[in-house]
Amino acid sequence: MTEKMWGSEPFWGLGYDWDPDWVYTDRQKELRSTLIELCEREMRDNAKRSDDELLFPRRNLELLGEHGFLALTVPEKYGGLGENHVAYSMVCETIARYGCASTAMCYVMHIGAVNAIMLRATPELIDKYIRPLNRGKIGTLSYSDPETGSHFWYPISSGAERLNGGYKVRKKASWTTSAGFADFYVVQTTSPDFKGYDDLSVFVIDGEGVQAQPSLWDALGLRGNQSGPLTVDNIEIPGDQLVGPVGDGAASNDESVDPWFLVGSSSVWNGLAMGAIDIARRHTTRKKHVDVGMRVADYPTIQDYIGEAVMDTNACRLFVLSVAGAMDKETDDNTKVLAPGDFARANYLHWAWQIKFEAAKNVAHVVDKMLHACGGSGYKRDMELERYLRDAKAGWVMGPTNEVLRQFVGKAVLLGFDSLDYWNQAYNRRAVENEVKKLDTQGKRELAEQLLAQADEDDSKEPAKQA
Ligand SMILES: Cc1cc2nc3c(=O)[nH]c(=O)nc-3n(C[C@H](O)[C@H](O)[C@H](O)COP(=O)(O)OP(=O)(O)OC[C@H]3O[C@@H](n4cnc5c(N)ncnc54)[C@H](O)[C@@H]3O)c2cc1C
């Protein structure tokens, strides 16, 4: 097996023996070597600056652009590398592990935006947003709404109207990675003339069309991310910046946004876990206790920490790669063109929920244990472990949060997928009847009157029926 290098020296962390190399093609392994080299040369140093000074990792993203990674999953005929979901997982993991987690998360959101466009690509969208990727254009996803927290699929503060063959779009987003720095923003709003919150549409908005507040971003970790709030203030856009048909939002989420985000972000958490183990290996094999003539790595307790962390993290990595591989199989290695109504990745969405939950849970545990293994030295900033720990904490809270995912899976298993009711539309007769049972006759009468008055009011708002 070839030796993993860090510049001209052997890598100080875990070698290729501990990477699941049998799942990667030779080309993917070459891409990984290029990335490790870029991380060693520049990206890791930039990560420290981004973290210290709350700087957007522009130079790191430029480097990724110069080497084709910004168009990793784009077909070669449009100037991309034509790669698949497994390659994407490897790239996200590698950037987070050896380089910069903020860059890796900006990259996840970028590839998410690129693939939301590619799902419903048109010649106009390809010319305007996809072909220029190699020149360093950055995109992002702006979904989370201030009114609905981590339920990012529920855009209450947004909307769109038809206007002169185009659209007038308004959007309020509470968080948007790369906000104020990206060149284009894929946003989701309710559809023009929408009837319910499941009727959503996807638009792409140019950088000039958004008002971002990056100065409001000051967080525990992923400090280069710049995930500040963003507003699109009733701007007019041409009709060809609608992505997919009107009402395609839910399908776009299931088929593109969620699968790409969940595979990418899970890989970032796995990369951070491996990176923390790398740092712990470096420290514990070098630090000596002269009194007992041992290195920290010689204590069985420390070996147990590392052994468990490697096994748990590799289980998470192989889980992600297996689901990414299933998506590759279903999409003929990310080459299948899907018409609205056709689904491929979406068939694995409930698996994608599970990989994110496990990766985010694991990384929080692993960074903690690696800190314990390194002792007080790990607590100091110069070892970088504390940055990995802070960055990793975003895993659990980023939407869909681990609380939500645990609910999704448990509820779907017990009550079926329909019970998830993303848009709060299903009537829970059991709960209502149980509450009504508690009322006395007077209370029941009052409730009945209140409901009749509401029904009359609703009727009066209905448009007059044609005779
Ligand atoms: C670093 C970072 C980058 C981000 N980047 C982006 C981005 O680029 N684009 C974007 O659109 N968004 C982005 N987000 C937003 C993210 O996806 C979530 O929307 C956000 O983290 C939610 O935070 P909140 O305070 O609103 O959480 P809340 O939703 O208010 O959650 C508070 C608590 O309630 C729990 N909870 C919420 N709903 C339920 C439920 N149904 N069942 C049980 N428990 C529940 C949560 O799990 C949590 O414990 C980013 C967030 C972070 C931290």
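**Briefing: strand E6 and its surroundings**

E6 and strand E7 (residues 200–206) pair in the antiparallel sense over 7 bridges. Strands pair if DSSP finds at least two bridges between them. The model is predicted: local features need pLDDT of at least 70, side-chain atom pairs count only at pLDDT 80 or more, and totals for chains, interfaces and linings use all residues. Numbering starts from 1 along each chain as its sequence is written.

**Strand E6**
- In E7, Ile 205 is the bridge partner of Tyr 185.
- E6 also pairs with strand E3 (residues 139–142), in the parallel sense, over 4 bridges.
- Val 186 in E6 stands opposite Leu 141.
- Strand E6 (residues 184–190) has 7 of its 7 residues buried, so it is largely enclosed by the rest of the structure.
- Buried means that 20 or more other C-beta atoms, placed from the backbone, lie within 10 Å of the residue's own.

**Ligand shell**
- The ligand is surrounded by 24 residues; the closest are Gly 149, Thr 177, Gly 399, Thr 401 and Glu 403.
- A residue is near a molecule if its C-beta atom, placed from the backbone, lies within 6 Å of it.
- At least two shell residues come from each of E3, strand E5 (166–176), helix H11 (394–397) and helix H12 (402–415).

**Whole protein**
- The protein has 14 helices and 12 strands, which are DSSP runs (helices H or I, at least four residues; strands E, at least two) numbered from the N terminus.
- Of its 467 residues, 43% count as buried.
- The C-alpha trace spans about 90 × 60 × 45 Å along its principal axes.

Definitions and conventions. A residue is buried if 20 or more other C-beta atoms lie within 10 Å of its own, exposed if 12 or fewer, and partly exposed in between; C-beta atoms are placed from the backbone.
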